[in-house]
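Here is a guided walk through a structure. Keep the viewer open and follow along.

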There are 2 protein chains.
Amino acid sequence: MEKFMEKTSMALPMGFRFAGQACGIKQDPSRLDLALIVSDAPCAAAGVYTQNRVVAAPVVLDRQRTPAGDVQAVVVNSGNANACTGEQGMIDAQRMTQWTAEALSLREEQVLVMSTGIIGQPLPMEKIARGIQQAAQHLAANDEHQQAAARAIMTTDKAPKYTSRSVSVGDTTYSILGMAKGAGMIGPNMATMLAVIVTDARMDPDRAQFELSQVADVTFNCISVEGHTSTNDTLLLLANGRAGGVALQGDGLGVWRRALHEVCGELARAIPNDGEGSTHLIQIDVDGCASRSDAHAIARAIANSPLVKTAIAGADPNWGRIVSAAGYAGVPFDPQATDLLLNGTLVYQNGQPLAFDAAAVSTSIRTNRQTEIHLKLSEGPGHARFWTSDLTAEYVRINADYHT
Amino acid sequence: MEKFMEKTSMALPMGFRFAGQACGIKQDPSRLDLALIVSDAPCAAAGVYTQNRVVAAPVVLDRQRTPAGDVQAVVVNSGNANACTGEQGMIDAQRMTQWTAEALSLREEQVLVMSTGIIGQPLPMEKIARGIQQAAQHLAANDEHQQAAARAIMTTDKAPKYTSRSVSVGDTTYSILGMAKGAGMIGPNMATMLAVIVTDARMDPDRAQFELSQVADVTFNCISVEGHTSTNDTLLLLANGRAGGVALQGDGLGVWRRALHEVCGELARAIPNDGEGSTHLIQIDVDGCASRSDAHAIARAIANSPLVKTAIAGADPNWGRIVSAAGYAGVPFDPQATDLLLNGTLVYQNGQPLAFDAAAVSTSIRTNRQTEIHLKLSEGPGHARFWTSDLTAEYVRINADYHT
């Protein structure tokens with residue numbers, strides 16, 4: 001499988017600068033916890049947000065401000081989610097954008113904000129004020145600063161998550177760079193985590209929103225760690241047009257779109273691959289459904305079953321757990337016309353168990369980071385691909401001890 | 001809280017005999033794995049079954065045979081679920097009822113069957129034939145045999161689960177006895193586990209089915225361990241009328257119904273209390289919803305969140321995880337009119353975090369087996385109560401190692 005996040009030199013889109021600062025929001029004062037992403041020119045900006053009914057203050061604010069045509073900055077803090085913080089939380093989120101705007105000579109409405117971390121505690125606003133000032137003074141358009149920004153949005157992530165692509169359309173080269181965070185509280189009911197995608201392509205805000213919503217459906221909405229949809233999930237796209245050329249359309253738009261899919265797909269898979277305590281990335285393909293949404297629902301039920309996740313952690317080819325999880329997804333299908341492959345080995349065919357080399361399949365699970373589950377139904381052409389983590393005792397340890 | 005399953009003397013309904021045998025289905029040949037429950041008179045019989053699309057052969061068979069007016073026996077094996085076993089599974093389930101009928105001089109249609117254990121492996125029918133013969137020769141109407149039957153349906157359960165109640169209506173005393181199994185693969189989307197309720201009350205099959213469906217909705221359908229709905233979940237009620245008197249109705253039926261609720265409630269709570277690896281029974285009350293089904297959906301989302309379960313395991317009053325789980329249940333509500341109590345302490349009121357003594361709440365979680373979560377919304381009168389287990393590293397160990 002692909003190696004995540006080992007790249008050292010990124011294709012940085014033109015006209016974007018980055019900073020990552022340590023301002024003391026996290027308990028460890030040496031850890032970066034405030035990021036700033038700034039465009040030299042106004043951007044078409046789009047957002048895709050959590051569908052949780054309980055949403056963090058920065059999500060409320062960004063929803064009001066996207067899509068838009070003149071966004072120039074995103075400020076992000078980690079260590080505190082600014083969620084379930086009542087009216088004070090809304091005031092604080094707005095102040096974060098106000099202070100960022102002042103430091104950068106922008107209007108408040110040109111700034112978007114994201115927060116991630118513990119729920120239900122007020123933001124330490126003095127520290128954040130200082131962090132914003134420092135970050136605004138340390139903006140730069142190079143790999144080092146981009147990576148510092150990617151580090152500053154991490155919580156329990158083991159490594160920063162970022163990637164980029166460049167594509168040429170005619171004489172113009174467009175770059176897309178994305179960064180994301182997420183390792184826990186990852187449920188697949190919207191763009192699940194924080195992520196920012198920046199590009200120097202030119203497009204209007206409605207186009208940006210359409211493209212972002214489309215790509216989210218097959219990337220960030222197809223991942224989970226434990227299935228707990230966060231209050232803060234946010235995916236932003238900023239397009240500043242600094243590569244030159246006219247607004248993308250037709251074949252050129254298609255070329256750019258494929259690169260966007262690659263960037264978002266790589267970032268999305270990096271999240272369950274870094275799932276808290278995980279030892280396997282599990283890829284789930286569900287074929288032969290009446291619709292894509294049926295296939296997605298089944299893949300998601302399999303992905304979120306603790307029994308499936310623990311079986312893979314134990315390198316146990318206990319395929320009955322997979323078939324039975326599919327059965328409670330709420331999607332009608334004929335179990336007698338169902339096949340299942342586990343790491344390429346057919347273990348269940350037309351509703352009948354097959355004799356197979358369980359030791360060999362177990363070894364294949366144990367010795368590969370990625371486990372591949374492929375369920376084939378016979379209801380129609382619908383297909384979905386989904387990624388999740390396995391469930392280990394280490395996940396429990398991390399999450400029983402996170403707060404106290 | 002109540003102490004589960006420490007009773008030694010049960011109120012045995014008249015006219016029922018029990019047996020539990022070891023016939024070698026489980027790997028440990030000393031463990032009981034075949035149970036027989038037999039009525040001396042024909043019973044009104046009702047069943048409530050899993051809503052999984054992938055159902056085990058015995059569920060298919062029992063669904064065809066209930067409700068009915070002349071059932072006299074239930075045969076149960078543990079160690080093998082006879083699920084995902086194709087046509088051979090259906091033949092084997094039918095043969096279990098056929099052999100039981102022959103040993104007891106009944107007709108095949110008078111016998112119901114349940115199986116629980118590993119999915120996807122053929123039943124060892126020679127062992128089962130021998131077990132049925134032995135059990136039929138060891139039937140008795142006493143505590144010892146009833147407890148052997150309750151032990152014979154266990155898989156990863158740490159203790160047998162059974163309870164009883166007696167109630168008087170006029171001159172007649174009615175007894176209700178129930179036994180259940182379940183500790184893992186417990187999801188709340190139907191009667192989740194195996195359970196048999198026997199009573200000497202008289203009623204017709206439609207009444208038995210109505211009463212069983214009603215009680216299941218507020219007991220066995222309100223529990224989970226990890227939320228994975230099994231292929232085999234079955235709840236049966238057998239009423240043989242041997243206590244005498246006419247068919248129950250009116251106030252007498254109400255008295256009997258309350259006792260049925262107590263029996264089923266106690267058995268249902270015993271399942272998450274014995275949840276694999278669990279250290280807490282978590283009781284979740286959700287008030288103030290537009291409907292009971294809304295409240296149930298929110299309670300279930302909270303119950304099945306690994307982040308909530310690990311927080312309780314770690315005695316961590318991380319209430320943001322509870323509120324955020326409520327938010328993704330798919331039920332609309334106003335977060336600004338939401339309160340949350342954790343073991344009686346108000347931690348969140350009208351959408352605002354409250355200052356509270358986190359150390360005291362943590363101690364209260366750590367030192368009590370039962371944790372109480374109470375979420376109050378402001379949408380209407382709908383209420384639901386739900387029970388689940390916490391999630392520990394031991395759960396992961398049990399389920400990563402169960403099969404191989």
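Helices (H or I, at least four residues) and strands (E, at least two) are DSSP runs, numbered from the N terminus. This is a predicted model, in which local features need pLDDT of at least 70, side-chain atom pairs count only at pLDDT 80 or more, and totals for chains, interfaces and linings use all residues. Residues are numbered from 1 along each chain as its sequence is written, while chains are lettered from A and ligands numbered from 1 in the order in which they are written.

Start with the loops of chain B. Asn350(B) sits in the loop between S12 and S13 of chain B. Its phi is positive, about 50°, although Asn350(B) is not a glycine. Asn343(B) also has a positive phi, near 45°, and is a residue other than glycine. Its loop runs between strand S11 (339-342) and strand S12 (345-349) of chain B. Most residues other than glycine have a negative phi, and most peptide bonds are trans.

How exposed are these two residues? A residue is buried if 20 or more other C-beta atoms lie within 10 Å of its own, exposed if 12 or fewer, and partly exposed in between, with C-beta atoms placed from the backbone. Asn343(B) has 18 C-beta neighbours inside 10 Å, so it counts as partly exposed. Asn350(B) has 13 inside 10 Å and therefore counts as partly exposed.

Now look for cis peptide bonds. One joins Thr66(B) and Pro67(B), with omega about -10°. Pro67(B) lies in the loop between helix H1 (57-65) and S3 of chain B. In chain A, a cis bond joins Thr66(A) and Pro67(A), and omega is about -10°. Pro67(A) is placed in the loop between helix H1 (57-65) and strand S3 (68-80) of chain A.

In chain B, H3 covers residues 125-137. Its 13 residues reach 19 Å from the first C-alpha to the last, close to the 18 Å expected at 1.5 Å a residue. The expected span is 1.5 Å times one less than the number of residues. Which residues of H3(B) are buried? They are Ile128(B), Gly131(B), Ile132(B), Ala135(B) and Ala136(B). These cover an arc of only 125° around the axis, which puts them on the same side of H3(B). The arc is that of the directions from the helix axis to the C-beta atoms. An α-helix has 3.6 residues a turn, so residues three or four places apart point the same way. On the other side of H3(B), Glu126(B) and Gln137(B) are exposed.

What do the buried residues of H3(B) pack against? Their partners are strand S1 (16-21), strand S2 (34-49), strand S3 (68-80) and helix H2 (86-104) of chain B. Contact here means that the C-beta atoms of two residues, placed from the backbone, lie within 7 Å.

Turn to chain A as a whole. It is divided into domain 1 (16-273) and domain 2 (281-400), with bounds from an automatic or database domain assignment. Taken over C-alpha atoms, the centres of the two domains of chain A are separated by 32 Å. In the contact between them, 12 residues of domain 1 of chain A meet 12 residues of domain 2 of chain A. On the domain 1 side, strand S8 (223-224) and helix H6 (250-273) of chain A give two or more residues. The largest share, 4 residues, comes from H6(A). By class, this side has 6 nonpolar, 5 polar and 1 charged. Ala, Val, Leu, Ile, Met, Phe, Trp, Tyr, Cys and Pro count as nonpolar, Asp, Glu, Lys and Arg as charged, and the others, Gly among them, as polar.

The contact takes 54 residues from chain B and 54 residues from chain A. Helix H8 (306-313), helix H9 (320-327), strand S13 (352-353) and helix H11 (393-401) of chain B each supply at least two residues of the side that touches chain A. That side of chain B has 24 nonpolar, 25 polar and 5 charged residues. Of the interface residues of chain B, 100% are also interface residues in chain A, so the copies meet through the same surface.

How are the copies related? A rotation of 180° with 0.0 Å of shift along its axis superposes chain B on chain A, with RMSD 0.0 Å. That is the relation of a two-fold axis. In chain B, the C-alpha nearest the axis belongs to Ala393(B), 2.1 Å from it. The superposition is by least squares on the C-alpha atoms of residues with pLDDT of at least 70 in both copies.
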